[in-house]
Amino acid sequence: MKLNQLKIGQTAKIVTVNASPALRARLFSMGLVPETVVKLLTIAPPGEPLEFEVRGTRVSLRRDEAETILVEPLKESKNG
Amino acid sequence: MADADKSAETLLVGVAGNPNTGKTTLFNALTGMRLKTGNWPGVTVERIEGRLTHKDKVLTLVDLPGIYGLTADSEDERIARDFLLQEQPSAVLVVADATNLERNLYLVLMLLEMGQKVVLALNMWDEAQKAGIRIDTETLSGLLDVEVVPTVAVRKEGVEQLKDALIRTIENPPPKAPDVYPKEVTQFLDGFAERLPQMKGAGARFMASLYLSGDIEAPVDRTTLTRYQEEFKERFGKEAAVFFAEHRFSWCHGVASEVVKSVLPPSARFALTDKLDSIFLNRFLGIPILAGVLYFVFWFIFTLGDPLVGYVDDLFSWLGEVVKEAVGRPEWLASLLGDGIIAGVGAVLVFVPLLILLYLIFSALEDCGYLARGAFLIDRIMHFFKLHGRSFIPMFLGFGCSIPGILATRTLTNRRDRLLTILAVPFASCSARLPVYALFIAAFFPNHKAAVLFALYAIGIVMGLLSALIVGRLLFPKEEAPLVMELPPYRVPSPRVVFATAWQRTLIFVKKAGTIILGATVLIWALASLPPGVEYASENSLAGRLGKVMAPVFKPAGFGSWQASVALLTGVLAKETVVSTMGVLYTGEEVEEAAEKELIRHLHAHFTPLSAFAFLLMTLLYIPCVASIGAIRREAGWRWALFTAVYTLFVGWLIATLFYQIATLFA
């Protein structure tokens, strides 16, 4: 599934990042590389952007930006 | 080596770090407040240098832009890269957030890959301790082969140790390159680097990895690059860009897991942030709270600032009069000093109270972490006009005064976003335009005051947003403007840091925007007062003659009198000047309360309600004022300042003309 399809509180592991080179470089430098575990924390009131937890930081992405990231959802963890 | 004779001269040290790590605070703690500002070559991002003398060594510290990595094609990362490669600093100080070592190590790693001599400051050490984060600095230092110093920049803790570490690092040989990639990959990189022109030293392998990743344009022909890229993919199973990013982060993760121990659950670090975000980003409360914060910001800057602006204004008017009387004759000299130069200096300094207040509240909001939340909440709307969430606050401030609005675009890190926001800000109707509206509304629309005002404000903001959209399409057709923004943890800002930042930035404004404001004020004075002996801005003055030349241009907009043109010309000084110039030109005297009725009577002779509204549209949209052009010059350079002046002039003329022509058809 795609990163923008996560539910709030759900965690997933990044599989591939299919963004354009410029966007991909930015996503990479924020730590959004394959194998990284991300968690959707919250969604802004108008329905975007989305806020994720990534490598101990909080990063916000628009829906179309999150859509370029393919993820594999992880089993719900107890403290998630 | 050349190092020996360098001891007499100053040693260059770059200060790098992610945004929100307290880098600039630590920079100031190291160098004191004696800073030198300039621009980076070819761009308008400010370059701030400070001097540090320690153990008979003189170091010049350069504050690099806050960056996450060195690979991207963004202006900030390019500046940092060019600095490291071309100016070859003696050492690089990396300021990292101790509460989040892993992500911060990414930048450290790249610097090590480049072969830089690195000193690592683990800033916000106290905060990390409180969050239960324990970092084994000795092991970290061993793993990286660099000196690691815990610091608390706001309290100047660790600063002396950092100075010692810098000197030692400069004198020692560079650290050994970290072992991140399999041997075959490094060999592959070296093979590719040999094909690159002018590539030497340790930087070559790193740059080869950037070119292979396609992050920045490679100095080789396309086919060679593609051949290497495909060979890389074939041999190592992944695109180079993905391969390097993955390996770098997995190295950072490995190092961080080895040296960081948490004695509290990892969520402890975000405990306060989560609590506050559940309020500030709440689905129902978020936007109302943002509205409240914006109202407070507006109140803080303008309600507190306007009386102070008034005092400065009065002071310089008084000073101008005193000087004019003291000089006496020749009259032109007295007028040049009083009405030209002193008024010009006043025009610069009059903004100082507003700027100090702006920078105070802005630094506080930025440092505490709320500014990013505001951008997060409002991004959806801004994105509609292809702007960034952070563009909102500058535009909002523009309703008070364009200058703080333009200067607040500093918060945007993407060049495209910053330039387009700067273009949009002056269209927000600032308070200096109100006297002009008030006069014409009193004269022509006394019964539709609210409707006319609302229309003007709405047209202003729509034109601003549309300008950003259209000019963005035309000038930056290929550039994306992603959001991708970090939401830093909430922190209590340090008052000392906030005050220091506000003062520093205000001084920079006065220095950099001051010349153009002063120059333009004297120029307009000269136009209105020359040749010697003419009445100020009268028919025979240069301004009057220029007005006569300009007048036909405005005829299709309905206000083709030379007086209207001269009023617009002097209005470039500050929009409210339009009123006083019209007063002098139409009634022959300064506009006092009693004379306003007289002026209104004259206006009826020159304007119809339609041409009056067209004139108001022009006043709203054309060149904001010399001070705002000065501010744009400071933030975006001469070219963008000139472009904005010409562009707004054209838009003002176009909209006024369109309105007048269409409205006359229906009237």
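# Briefing: chains A and B

D56(B) has 7 C-beta neighbours inside 10 Å, so it counts as exposed (20 or more other C-beta atoms within 10 Å means buried, 12 or fewer exposed, in between partly exposed; C-beta atoms are placed from the backbone). This is a predicted model, where local features need pLDDT of at least 70 and side-chain atom pairs count only at pLDDT 80 or more, while totals for chains, interfaces and linings use all residues. Residues are numbered from 1 along each chain as its sequence is written, with chains lettered from A and ligands numbered from 1 in the order written.

**The D56(B) loop**

- D56(B) sits in the loop between strand 3 and strand 4 of chain B (strands are DSSP E runs of at least two residues, helices are H or I runs of at least four, both numbered from the N terminus).
- The phi of D56(B) is positive, about 65°, even though this residue isn't a glycine.
- K55(B) belongs to the loop that links strand 3 (46-54) to strand 4 (57-63) of chain B, and despite not being a glycine it has a positive phi of about 50°.
- K55(B) counts as exposed because it has 9 C-beta neighbours inside 10 Å.

**Chain B overall**

- You'll find 29 helices and 10 strands in chain B.
- Its radius of gyration is 29 Å, close to the 26 Å that the globule rule gives for 667 residues, so chain B is as compact as a globular protein of that length (the radius is taken over C-alpha atoms, and the rule is 2.2 Å times the number of residues to the power 0.38).
- Laid along the principal axes, the C-alpha atoms of chain B fill a box of roughly 85 × 55 × 55 Å.
- Of the 667 residues in chain B, 48% are buried.
- Looking at contacts in chain B with a separation of 6 or more, 71% are between residues 24 or more positions apart (contact means C-beta atoms, placed from the backbone, within 7 Å).

**Packing**

- The largest nonpolar core holds 224 residues (buried Ala, Val, Leu, Ile, Met, Phe, Trp, Tyr and Cys joined through C-beta atoms within 7 Å).
- V94(B), V108(B), V119(B), L120(B) and A121(B) have the most contacts inside that core.
- Leaving out residues up to four places away in sequence, V94(B) touches A16(B), G17(B), L107(B), V108(B), L111(B), V118(B), L120(B) and A121(B).
- P404(B) is part of helix 18 (residues 402-407) of chain B, and its 27 C-beta neighbours inside 10 Å are why it counts as buried.
- With residues up to four places away in sequence left out, P404(B) touches I301(B), L354(B), L355(B), L358(B) and L397(B).
- I301(B) and P404(B) are 103 residues apart in sequence, yet their C-alpha atoms are 9.0 Å apart.

**Where chains A and B meet**

- In the interface, 32 residues of chain A are in contact with 33 residues of chain B.
- On the chain B side, the elements giving two or more residues are helix 4 (101-113), helix 11 (240-259), helix 13, helix 16 (370-384) and strand 10 (485-486).
- Strand 10 of chain B pairs antiparallel with strand 4 (residues 57-61) of chain A over 2 bridges (pairing takes at least two DSSP bridges), and V59(A) stands opposite E486(B) there.
- An open sheet of 6 strands runs 5(A)-1(A)-2(A)-3(A)-4(A)-10(B), with antiparallel pairing.
- Strand 5 (69-73) of chain A and strand 10 of chain B are at the edges, each with a single partner strand, so one side of each has no neighbour in the sheet.
- Strand 1 (residues 11-17) of chain A pairs antiparallel with strand 5 of chain A over 5 bridges, and A12(A) stands opposite P73(A) in strand 5.

**Cis peptide bonds**

- E48(A) and P49(A) are joined by a cis peptide bond with omega of about -5°; P49(A) is in the loop between strand 2 (37-43) and strand 3 (50-54) of chain A.
- R329(B) and P330(B) are also joined by a cis peptide bond, with omega of about -10°; P330(B) is in the loop between helix 13 (286-327) and helix 14 (331-349) of chain B.

Notes. Contact = placed C-beta atoms within 7 Å.
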